[in-house]
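Hello,

Here is the structure for you to look over. My notes follow below it.

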Amino acid sequence: MHTIFDGALTEREWKRHISHPFEVAPGATRMFIRLHFDPLTVGGIDNMLCLSLFDPNGFRGAGHRGGAQHNVTIDAVRATPGYLPGPLPAGQWNAVIDTHMVASGAPCRYTLTITTTDDPVEGATESPNVSVVKTPGRGWYRGDLHAHTIHSDGDWDIPDLIAAARDRRLDFVTLTDHNTISQLRDIDTLTTSDLLVMGGMELTTFWGHALSLGTRHWIDWRIRPGERSMPLIAAEIEKEGGLFVIAHPLAPGDPYCTGCDWRYVEMMPGTARAVEVWNGLWNGDSNNEAALALWYEWLNWGLRITATAGTDAHGPAPAAARPGFNVVYAPRREEGAILRAISHGRLFLSSGPTLELTGTSGETHAMLGDTLPRGAATVHLRWRDVPAGARLRFIVDGARLSEDTIDPTGERAWNLDEGAAQWCVAEIRAADDELLAVTNPIYFAGEE
């Protein structure tokens with residue numbers, strides 16, 4: 001079978017899902033797909049057409065990556081990264097072109113060629129070995145919630161990402177490739193005694209990105225007005241036991257980072273339990289300072305939403321790079337336990353320093369994510385591994401209650417009168433104001 005589609009797109013087809021149904025005959029064993037478009041660049045802006053594939057039973061993969069040509073091969077044993085191997089069921093398939101960017105100024109002409117053969121497929125599907133790994137118990141676990149591989153637009157494969165996580169002495173790392181789950185196919189074989197590998201995907205929509213953490217099934221990221229909304233997607237993720245995280249909400253968006261800024265008014269933050277306020281390097285191009293301020297604003301609304309960090313790594317970083325990681329207090333180093341702890345706010349974000357923020361009110365003791373009852377309270381912070389010249393800010397309801405230069409190791413306490421605060425966090429800042437660490441809040445009970 002050989003099928004060819006072609007067409008010309010203008011900016012009117014930007015942010016669309018263009019279906020190309022085709023038939024697969026009984027007995028087909030291997031599929032080849034080629035998507036080519038031209039021009040790649042118009043006026044300094046790259047066109048970005050991505051391919052999603054569906055068989056009669058559902059999702060078969062996606063290639064969310066740049067470039068003017070996408071080549072895909074699928075058979076029962078192997079598939080191009082981003083796509084799922086397996087038998088090719090007869091019937092109607094659908095190759096969908098997702099137009100993440102169609103630059104104005106010149107038509108974007110594309111050709112989509114689909115070929116199937118009935119040649120014998122060599123090799124056999126092997127069942128990977130799943131080893132029994134002892135799960136460490138209660139403690140602080142440091143890890144990454146946002147990273148990419150060659151299964152979408154990353155420059156490295158899963159083993160390279162895992163090796164980099166070990167080099168940084170992480171306790172967990174998460175596979176969140178764009179709009180696909182092919183990276184999760186053998187995930188149960190990847191966790192070892194020293195590193196937990198968690199799963200998910202990044203929902204890379206036309207109007208904002210979000211992380212679906214802890215899920216294994218493909219989440220349909222395509223928003224359809226009146227039919228499929230972002231609140232509905234968030235509810236689906238939570239029903240599956242996952243954690244929905246708004247990613248880099250104030251990053252620059254179109255045309256340079258397609259859909260990267262968060263534009264879902266009904267999810268600002270809506271039912272979201274977490275928001276990524278630290279994406280990549282603090283002083284990178286994701287507007288992290290503004291995202292932190294937005295989170296503080298949401299906390300002042302009375303919302304209890306967790307702040308997270310993610311490297312958003314697409315390949316090796318320089319050894320000197322200091323991205324932020326999540327340091328989570330969990331009952332065990334296991335995916336569900338880690339995500340539940342994050343949902344409850346039991347973590348701080350850090351590129352190096354260690355923080356321990358606690359509070360007391362009467363006979364009640366609190367840690368990150370907890371609520372102290374009404375009454376006068378004392379909040380206590382211990383820190384270590386802080387570079388020389390760094391400053392400590394104590395933030396109450398978004399305002400700086402105090403700011404001081406601190407030693408590399410130390411502790412401090414603040415007394416708060418009854419009703420003086422809704423929430424508080426501690427920040428560690430470098431001498432040049434770069435954020436080095438920030439806690440999630442301790443909350444204070446309000447009027448009954």
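Asn-94 sits in strand β9, residues 91–101; strands are DSSP runs of E, at least two residues, and helices runs of H or I, at least four, all numbered from the N terminus. This is a predicted model: local features need pLDDT of at least 70, side-chain atom pairs count only at pLDDT 80 or more, and totals for chains, interfaces and linings use all residues. Residues are numbered from 1 along each chain as its sequence is written, and side-chain values use heavy atoms, leaving out hydrogens and water.

Asn-94 has a relative accessible area of 19%. That makes Asn-94 buried (under 20%; exposed is over 50%, partly exposed in between; 1.4 Å probe, protein chains only). Its side chain reaches the backbone nitrogen of His-20 at 3.0 Å. Beyond four places in sequence, Asn-94 is in contact (heavy atoms within 4.5 Å) with residues including Phe-22, Ser-52 and Phe-54.

Now the cores. A nonpolar core is a set of buried Ala, Val, Leu, Ile, Met, Phe, Trp, Tyr and Cys residues joined through side-chain atoms within 4.5 Å. The largest has 78 residues. Leu-203, Phe-244, Val-277, Trp-295 and Tyr-296 touch the most other members. Helix α3 (residues 288–300) gives the most to this core: seven residues. Another core, of 28 residues, lies apart from it, with Leu-372 and Ala-390 among them.

On α3 itself: the buried residues include Leu-292, Trp-295 and Trp-298. Trp-295 touches, among others, Val-275, Ile-305 and Pro-441. Gly-302 follows α3, with a positive phi near 95°.

Best wishes

Notes: A polar contact is a pair of N or O atoms within 3.5 Å; within protein, one must be able to donate a hydrogen and the other to accept it, and residues adjacent in sequence count only if both atoms are side-chain atoms.
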